Amino acid sequence: MGIALRIAALLWGLAALGLLLRGGIAEPGTALAFGVLICLGEFAHRGGEAAPLATAGALAYALLGHCGGEVTTHGVAQVVVVSAAGSLLGMLARRSRPGPDRCARRVLTVGFAAVLFQPAYNSGVVDAWVGHGSLYALFLAVLLALTGLCEAVLAAALVRARTGHPYGPLLRDELRALRGIGSAVCASGVVMALAVGVVGLWALPVFCVPLLLTQLSFRRYGEVRDTYRQTIASLARATEIAGHTRPGHAHRVAALSAAVGREMGLSGDEVTVLEYAALMHDIGQLSLVDPVPAGATASLPADEQRRIALLGGAVVRQTGVPADVAVVVERQADPYREQPLTARIVRTVNAYDDLSGECGGGLGGPLSALERLRLGTGRDYQSEVVESLARVVARGVALPPPG
């Protein structure tokens with residue numbers, strides 16, 4: 001699916017370029033202004049953060065029918081070429097390798113919006129049906145809602161093709177994102193198109209400032225989130241430094257737990273809780289005077305396991321992470337049928353890492369560990385979690401080396 005979407009985007013872009021070269025550029029000044037705006041938005045983009053300026057500019061150009069009171073005549077092909085060219089130039093200007101998935105999404109999504117709007121507007125259908133009053137603004141909003149849905153479907157499909165994760169939860173996460181920054185970007189695109197239609201290209205600089213500030217806020221939010229996760233990861237290493245767990249154990253359990261959670265259809269927020277809990281699930285072992293060999297607390301009495309889990313949850317609550325993370329840590333010693341799914345996943349993956357390390361690693365280690373987990377289903381582990389773990393292990397996940 002991912003390859004098919006990239007090929008479709010490439011063919012659509014080449015076809016649009018061919019049509020544009022054949023028919024010539026309409027309103028070159030307007031095309032240049034929007035191309036520069038999209039390029040600036042991509043240039044200001046960093047890492048995995050959103051690019052609201054580039055996206056809003058591309059959508060506004062796709063929905064532009066007037067510029068300063070004058071009717072525009074650019075069509076679908078020019079919208080696709082200007083959006084693609086601006087995006088690629090912005091990526092190259094910041095010396096970033098253009099991501100095929102991002103480029104494919106931009107071409108297909110903006111092209112979809114242009115197909116919905118440009119033919120109907122240029123043929124006079126929009127004037128006849130909705131005019132240029134409040135119904136026109138509502139018409140643009142409906143088109144952007146459909147475009148947002150298209151973007152979510154494409155984004156989920158591309159992530160599914162790249163990672164193999166279930167499509168349903170990925171689409172749910174993308175649709176959920178539309179309620180936040182997605183809807184704000186779509187609304188900015190509508191307002192920008194309306195403003196340019198009345199005021200002209202002078203409206204573009206007015207909209208650049210708030211959108212650039214929004215992009216800056218996203219970057220800072222991403223930096224804070226990364227620092228937060230690094231702090232939790234450093235705290236999780238305390239058990240390794242103290243000799244209570246094997247080196248890399250917490251990070252291996254976190255990586256595998258997150259992969260299993262996605263395999264089982266957990267949402268993005270649930271996977272984040274799962275990953276944090278997996279990183280800190282052994283923090284209660286710091287209360288032990290004598291470390292348990294290899295950190296495998298399953299050999300301890302049930303009361304001692306419960307005490308360690310409760311102490312770990314108490315420590316986690318002091319870190320300021322969501323309360324759901326502490327609940328997962330506290331419930332590690334409960335019977336698995338009484339645990340939430342996230343706690344069952346951490347429990348299973350933790351046992352897998354202990355057993356595979358005990359077996360010496362290599363090809364026989366994971367296979368033997370999975371077999372022993374399957375023997376414990378119905379008593380200690382949920383069978384669905386074990387089988388999801390088996391599928392994740394079979395696909396392969398980048399993990400820290402065993403200690």
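Let's start with Cys208, which is buried at a relative accessible area of 14%; here buried means under 20% relative accessible area, exposed means over 50%, and partly exposed is in between, using a 1.4 Å probe and protein chains only. The model is predicted, so local features need pLDDT of at least 70 and side-chain atom pairs count only at pLDDT 80 or more, while totals for chains, interfaces and linings use all residues. Residues are numbered from 1 along each chain as its sequence is written, and side-chain values use heavy atoms, with hydrogens and water left out.

Which residues of helix 3 are buried? The buried residues are Pro52, Leu53, Ala54, Ala56, Gly57, Ala58, Leu59, Ala60, Tyr61 and Ala62. Helices (H or I, at least four residues) and strands (E, at least two) are DSSP runs, numbered from the N terminus.

## Rings that meet

A search of the whole structure finds three aromatic pairs. In one of them, the ring centres of Phe117 and Tyr121 are 5.1 Å apart and the planes make an angle of 25°, so this pair is stacked. For the terms, rings of Phe, Tyr and Trp (its six-membered ring) pair if their centres lie within 6.5 Å; planes under 30 degrees apart count as stacked, over 60 as edge-to-face and the rest as tilted.

Phe117 and Tyr121 both belong to helix 5 (residues 100-122), where being four residues apart separates them by about one helical turn. An α-helix has 3.6 residues a turn, so residues three or four places apart point the same way. Phe117 is buried at a relative accessible area of 0%, and Tyr121 is buried at 4%. Ring pairs also bring in Phe139, linking Phe117, Tyr121 and Phe139 into a cluster.

## A threonine in a loop

Next, look at Thr72, in the loop between strand 2 (70-71) and helix 4 (76-93). Is Thr72 buried or exposed? Its relative accessibility is 2%, so Thr72 counts as buried.

A polar atom of the Thr72 side chain lies 3.3 Å from the backbone oxygen of Leu64. Leaving aside neighbours within four places in sequence, Thr72 is in contact (heavy atoms within 4.5 Å) with Glu27, Leu64, Gly65, His66, Cys67 and Asn122.

How many cavities of 30 Å³ or more does a search of the whole structure find? The search finds one, and the largest cavity has a volume of about 30 Å³. On a 1 Å grid over the protein atoms alone, a cavity is a set of points where a 1.4 Å probe fits but cannot get out, and lining residues have an atom within 4 Å of a point. Grid points are joined across faces, edges and corners, and a volume is the space filled by probe spheres set on the points. The lining residues include Ala236, Thr239, His249 and Asp282. Helix 11 (249-263) and helix 12 (268-280) each supply at least two residues of this lining.

Finally, Gly284 sits in the loop between helix 12 and helix 13 (302-317), and is buried at a relative accessible area of 3%. Leaving aside neighbours within four places in sequence, Gly284 is in contact with Ile308, Leu311 and Gly312.

Conventions:
A polar contact is a pair of N or O atoms within 3.5 Å; within protein, one must be able to donate a hydrogen and the other to accept it, and residues adjacent in sequence count only if both atoms are side-chain atoms. On a 1 Å grid over the protein atoms alone, a cavity is a set of points where a 1.4 Å probe fits but cannot get out, and a pocket is an open set with protein on both sides within 12 Å along at least five of seven lines; lining residues have an atom within 4 Å of a point.
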